[in-house]
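Please look at the sequence and the structure shown here before reading the report.

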Amino acid sequence: MYSNLIIDLMQIIMLTVTTVVVMLTVAVKRDHGLISGLTVFGLFASLLTFVFIKPVLPLEATQLLIIDEYSLFFSNLIIAGAIAVALLAYPYFDKNKDQNEEFYILLMTATLGAVVLACSNHFVAFLLGVEMLGVSLYAMIAYTVHMEKTAKFPLEAGIKYLILSALTGAVTLFGIALVYAYIGTMEFDAIPAALAAAGDLGPVFVIGVLMIVAGAAFKLSLVPFHIWTPDVYEGAPVPVTAYLATVSKAAMLAVTLRLLLASNALEFNVVIVVLTVMAAASMIFGNLLALLQDNVKRLFAYSSIAHMGYLLVMVIAASQIDAALSVEGVSFYMMAYFIMSLAGFAVISAISNSEKEYDQISDFRGLFWRNSWLSIALITVLLSLAGIPLTAGFIGKFYIFTSGVEGGLWFLLTMLIIGSAIGLYYYLRLIYIMLQPAEDLANDPAANAIPLGVNAVLTAMTAGVIYLGVFPAPMIDTLQSLASAF
Amino acid sequence: MILVWLIVILFAGGIGALVAEKRSAELPRVIALATLLLDLFLVVLMLFAPGTLGLDAGSQIDLGQTGEWLVLTSSDWIPQFGVSFIFGADGLGLLLIALTVFLGLMSLGSAWHEIKERTGFFYFNLLWTLAGVIGVFTALDLFLFFFFWEVMLIPMYFIIAIWGHENKEYAAMKFFIFTQVSGMLMLLSILVLAFFHYQSAGVFSFSYFDLLGTELPEGVGFWVMLGFFVAFATKLPAVPFHNWLPDAHSQAPTPGSVILAGILLKTGAYGLIRFTIPLFPEVSMAFAPTAMTIGVISILYTAKVAFSQNDLKRLIAYTSVSHMGFVLLGVYSWTAQGVQGAVMTMLAHGFSAAALFMLAGGLQHRIHTRQMDKMGGLWGVAPKMGFMALFFTVAAVGMPGLGNFIGEFLVLLGTFRISSAAAALAAIGMVVAAVYSLIVIQKVFHGENKNNLAFEDLTGVEMFCFGLMMIGLLWMGFYPQSMLDMSEPTLRSMGVLFFQ
């Protein structure tokens with residue numbers, strides 16, 4: 001029994017061990033290459049443990065955590081994302097002769113928090129994960145603040161994230177307190193029974209749930225909790241932006257979906273209405289505001305707001321259709337978005353470092369002729385974000401349409417089509433700019449060799465976008481089996 | 001498998017052209033030529049000697065299909081969604097495939113001397129667009145169809161955005177957004193259709209043959225049909241969805257215009273014939289009066305707009321919309337003559353519009369303007385060009401003996417049986433067509449050569465292309481039966497009204 005428990009928690013244990021080892025090594029010897037190598041190695045090792053975990057699933061590892069195929073899938077995604085971010089971070093910081101090593105400790109703790117979050121089945125674990133992830137992120141966002149030359153304004157971004165995150169953290173906590181006060185349990189699974197036992201439904205429970213949803217919406221940057229997103233995306237160093245866009249969102253989404261489904265919260269009309277408004281507003285405002293950007297990181301920020309809105313459509317559909325289809329679709333879309341974002345940020349990383357980031361749209365002028373590999377990768381990503389066939393984004397959109405049609409969510413589908421139509425414009429504009437004749441740049445950042453790690457991430461992610469778009473069948477099989485538990 | 005090969009050869013040729021650019025800027029066009037000739041060879045075999053490819057009744061697989069399918073292949077793609085690779089071609093499909101490959105060669109001919117920059121990527125896009133179009137004409141799984149519908153869009157976007165003229169960004173963007181958004185509506189409709197089929201049959205399937213005859217609840221059918229209709233009417237295009245076309249056509253480089261006018265517009269008409277009406281026979285028939293009205297408005301309104309253009313390419317673009325109005329009219333009359341006429345118009349307009357765009361493009365390439373008020377008296381400078389322009393203009397107007405006449409005449413005949421008013425109004429369109437066409441000839445080739453323009457007359461490659469298209473139009477004009485015979489079984493199987 002206990003041996004199973006240890007196997008079950010192996011990923012988390014491996015991550016913890018790696019964090020400690022990295023920290024101790026930093027204390028003994030500061031060496032950027034060594035530390036980043038160690039981090040990547042540790043992450044890989046914990047990723048690979050899923051082979052051992054898989055046969056013993058599903059298991060509730062203590063009251064706090066549940067390890068099943070669903071959480072394992074998201075944990076793997078998170079750890080893979082962390083590996084990619086570590087690979088992007090090495091060349092980014094390498095030029096800087098400051099103390100870069102602590103970044104990897106923060107990366108490890110953040111990842112640990114994200115995995116705990118994805119596996120949590122209890123409000124305590126939920127809070128633990130959110131805070132561990134959040135606190136590490138404050139420092140990661142502002143990491144370059146002491147460097148001689150920094151590319152951006154990390155301090156502003158860090159403070160902004162800190163204040164807003166702390167605020168929503170408090171709101172979430174209050175929401176949890178309300179839920180607990182009303183039904184007397186903190187376990188997700190136990191909520192429906194407790195609710196039934198509590199009898200007459202006061203508004204307290206629903207308000208509590210909505211407050212928790214607000215906290216989640218902050219991390220997922222859904223309108224109206226999206227204000228921080230563009231500033232923080234722009235101000236943070238590129239690898240951290242990539243982390244925010246992918247790992248942080250995937251973890252939060254995984255737990256939110258589990259909470260909503262396990263607690264039957266979608267049976268309340270108010271919750272559905274609130275989610276619908278947030279989804280529609282995110283799709284429309286995210287896309288509209290993206291039109292106005294001339295910075296690619298900000299553009300990705302607004303586009304991520306819109307994409308989270310698309311995702312929410314499937315979450316809402318779960319109230320009408322078989323929850324398994326919804327979980328399957330959300331998982332697929334999140335993974336697709338994960339891969340697309342990492343590829344996109346890898347392109348920016350390839351031409352940026354901690355002293356100078358090339359993230360203005362004008363920096364991409366003529367990229368197609370300056371460095372065709374980078375631009376082909378970015379075009380693939382943009383087409384995928386726009387939901388064009390042959391890419392992962394299309395299959396994702398297909399899921400959204402399918403669940404929307406089955407659930408009869410005509411209003412949201414209309415918003416989705418309008419939103420996507422607006423979205424096409426700014427994706428195409430970036431593509432168009434890349435296709436323009438190149439100007440003669442004295443110091444073309446795209447002419448340099450792409451660092452090996454960045455290129456590896458870029459290649460893997462671009463290949464992933466195409467592979468999932470052309471041969472989605474194997475992945476769908478996996479997702480169907482993990483979703484069948486819901 | 002032969003249909004898959006047609007597509008794969010084009011995809012592969014495109015990649016070959018892209019790679020070959022590193023060797024020499026000339027090599028990609030040679031590769032493109034070889035690719036298209038190979039495809040043409042296969043198409044000719046399919047048309048005239050299907051036996052050599054092993055295409056006979058035994059080569060088909062049973063999908064519970066109706067109609068006479070010359071080729072039909074199928075294999076799984078995403079079994080969880082019921083999506084599979086189903087390719088098939090019947091008489092109608094084959095005619096359009098032949099048109100695609102032939103006009104592909106013509107556009108290659110017009111690109112031969114015009115495209116000098118980034119040739120590899122250009123021919124890559126050219127061949128991939130054609131592959132997408134052939135996919136559209138052969139895909140019989142709606143998911144697959146949608147996939148090819150988008151595949152033909154992106155390379156075309158690149159062609160306009162990179163090699164286009166002064167206002168290319170706007171034109172390319174508009175083209176993409178119109179097609180994509182209407183495509184999304186179609187995707188939504190496809191999914192709703194598949195969903196209701198799932199409810200009644202218990203399995204998810206996107207196969208054309210499975211979805212035929214799906215019962216839709218009262219009220220839903222109309223909206224689902226409308227999703228398809230809007231997507232196809234945008235591509236066709238019909239008023240009021242035609243807005244993208246004049247920009248896209250006038251800004252695209254000549255080979256792009258040739259493909260757009262000659263082939264891409266036909267995918268819209270094909271979609272209406274193959275999908276919209278057979279999938280939703282009742283609601284489509286209820287909708288037919290509206291669609292025919294749209295057709296008549298398209299014919300008359302765009303003919304009027306064409307008349308007031310000064311930009312030669314825009315003028316031809318508007319005339320395309322006008323001619324496509326005849327197609328819409330013929331299709332929605334759903335009579336044998338009407339639909340046959342629509343198919344003939346599609347083929348003949350493919351030739352005449354492609355030729356006119358090549359002429360306009362050739363002129364622009366030589367004198368760097370498309371404005372007709374700057375031209376005049378060009379017959380003296382370039383008599384061969386003048387002759388060709390006259391020939392294809394007259395063809396477009398509907399001179400008996402040429403293909404366009406047969407098409408539009410049949411459309412009017414078929415429409416008359418359903419609505420004499422629509423037929424009468426559409427006939428006025430033919431009169432207006434004569435006016436705006438002759439104006440072009442007069443403004444450009446007659447009168448005084450005010451700016452003393454002088455340039456080289458048509459080259460050998462161009463003459464060769466125009467000659468082939470002339471022969472084609474004459475063939476259609478004098479022996480249309482050869483084509484009508486091919487499309488007839490298809491139309492019969494779809495339940496088109498045949499009068500004795």
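This is a predicted model: local features need pLDDT of at least 70, side-chain atom pairs count only at pLDDT 80 or more; totals for chains, interfaces and linings use all residues.

Residues are numbered from 1 along each chain as its sequence is written, while chains are lettered from A and ligands numbered from 1 in the order in which they are written.

Chain B holds 20 helices and 2 strands, where helices (H or I, at least four residues) and strands (E, at least two) are DSSP runs numbered from the N terminus. The C-alpha atoms of chain B fill a box of roughly 70 × 60 × 40 Å along the principal axes.

In chain B, strand β1 (residues 71–78) and strand β2 (residues 83–89) run antiparallel and are joined by 7 bridges; two strands pair if DSSP finds at least two bridges between them. Asp76(B) stands opposite Ser84(B) in β2(B), and Gly82(B), in the hairpin with 4 residues between the strands, takes a positive phi near 70°.

The contact between the chains takes residues from both, as tabulated here, and two residues are in contact if their C-beta atoms, placed from the backbone, lie within 7 Å.

| Chain | Residues in the contact |
|---|---|
| Chain A | 20 residues |
| Chain B | 23 residues |

On the side of chain A that touches chain B, the elements giving two or more residues are α18 (392–407), α19 (410–435) and α21 (473–483) of chain A, and α19(A) gives the most, with 9 residues.
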